[in-house]
Amino acid sequence: MTDVAPEGDLLSQIERGGAPREILDFAARGMVPLPPDELVRAMASILASGDETLARIAEESFKAFDVGSLKSAVMSEGVRPEQLAVLARRTQDASVLEPLIRHRAVPNETLAWLAERVEAPLQDILVTNQTRLIAAPVIVERLFENPRLSPEIRRRADEFLEEFFLKKEREREEGKDLEEATEEAPAAVDPAEPVDEAGLSEDQKKSLFARVSTMSVVDRIRLAYRGNKEERMFLVQDRNRLVSSAVLKSPKTRDAEVEAIANMKSVSEDVLRGITFRRDWMRHYGIMRAIVRNPRAPIDVTLALVMRLNARDQKVLAGDRNVPDAVRSTARREVARKEL
């Protein structure tokens with residue numbers, strides 16, 4: 001083995017990628033004279049380096065570290081962003097992840113990755129860091145993809161969207177004549193040209209898609225909130241929940257648009273659920289009926305709404321093979337009960 005550098009220099013050499021290959025190999029095996037927290041960081045740097053041969057060795061060696069060593073590495077002075085990213089993906093221990101999530105050096109991409117996976121207590125830490133969320137809205141977006149997202153964190157994430165992304169847009173609208181702003185003249189469409197669910201021709205859709213595809217998430221949220229009818233109807237189909245939700249929160253979105261959205265088969269379940277949260281919209285029979293008949297609507301919502309349909313619509317629903325079986329069966333029972 002070549003001469004080993006003094007301890008104070010060894011870690012920095014490994015982190016910079018300037019250590020000799022033999023030392024890197026020994027570090028990957030956990031066989032260099034470093035304290036446990038620094039050895040964790042050394043291996044994390046090797047794993048982040050992209051060297052497949054060394055990474056395979058380090059991956060096995062990394063499994064031997066205890067929770068205390070991982071936590072000490074996270075909290076050590078000078079820990080690097082790429083090291084935190086490696087640690088985040090190799091532990092599920094909350095005592096390690098909590099200080100990691102709070103760390104200023106942790107990359108936004110790592111927080112977004114964790115947002116899809118962590119349990120409620122760590123979700124709370126993520127959603128509390130509002131400075132990070134403003135800088136990287138993708139973290140909030142990924143939270144909504146977490147299958148274990150708690151109702152409380154979902155509510156707070158919605159409040160964050162309302163407070164930080166839409167508040168300024170709402171203030172800009174104050175003092176304006178919203179009726180005049182809302183009644184935009186519809187874009188001219190060739191009657192012979194097919195249109196999609198957003199009421200756009202194929203050429204218009206391509207043009208709008210080209211423009212929107214270059215926008216950041218924040219800019220798409222702003223456009224969804226204050227854009228014209230065609231832009232809102234297009235953006236309500238956006239895969240980013242923050243963008244589609246902004247359409248529902250826009251003061252320009254009227255009942256007729258909401259009914260059209262409720263009929264769309266291309267919107268997400270979250271959008272349809274968001275419509276049902278508004279009591280004023282759900283008092284509109286056409287909107288309520290569209291939600292029930294939309295196969296993408298959340299079944300826990302639609303089952304209760306079947307009872308509110310009139311007899312004619314219940315009969316139609318009872319034979320509609322596009323809706324879930326449970327919804328169709330509920331409609332059949334209601335029809336049978338009324339015919340007794």
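At roughly what angle do the axes of helix α3 and helix α5 cross?

1. **The crossing.** This is a predicted model. Helix α3 covers residues 36-48, and helix α5 covers residues 67-74. Their axes come within 8 Å and cross at roughly 75°. An angle of 65 to 115 degrees counts as roughly perpendicular. Therefore α3 and α5 are roughly perpendicular to each other.

2. **Who touches whom.** From α3, the contact uses P36, D37, V40 and R41. From α5, S69, L70, S72 and A73 take part. By type, the residues of this contact are 4 nonpolar, 2 polar and 2 charged.

3. **The fold in outline.** The chain has 24 helices and 0 strands. Look also at how far apart in sequence the contacting residues lie. Of the contacts with a separation of 6 or more, 58% join residues 24 or more positions apart.

4. The chain holds 340 residues, and 46% of them are buried. Its accessible surface is about 17,600 Å². Carbon and sulfur atoms account for 50% of that surface.

5. **One residue to check.** Find T302 in helix α22, which spans residues 299-306. Is T302 buried or exposed? Buried means under 20% relative accessible area. T302 has 2% relative accessibility, so T302 counts as buried.

6. **Its surroundings.** Set aside the neighbours of T302 within four places in sequence. T302 is then in contact with I291, V292, A297 and V327.

Methods:
Residues are numbered from 1 along each chain as its sequence is written. This is a predicted model: local features need pLDDT of at least 70, side-chain atom pairs count only at pLDDT 80 or more; totals for chains, interfaces and linings use all residues. Side-chain values use heavy atoms; hydrogens and water are left out. Helices (H or I, at least four residues) and strands (E, at least two) are DSSP runs, numbered from the N terminus. Buried means under 20% relative accessible area, exposed over 50%, partly exposed in between (1.4 Å probe, protein chains only). Contact means heavy atoms within 4.5 Å. Accessible areas come from the Shrake-Rupley method with a 1.4 Å probe; for residues, only the protein chains shown count as cover. Axes are lines fitted to C-alpha atoms, for helices over the stretch in contact, and angles run from 0 to 180 degrees between N-to-C directions. Angles under 35 degrees count as roughly parallel, over 145 as roughly antiparallel, 65 to 115 as roughly perpendicular and the rest as oblique. Ala, Val, Leu, Ile, Met, Phe, Trp, Tyr, Cys and Pro count as nonpolar, Asp, Glu, Lys and Arg as charged, and the others, Gly among them, as polar.
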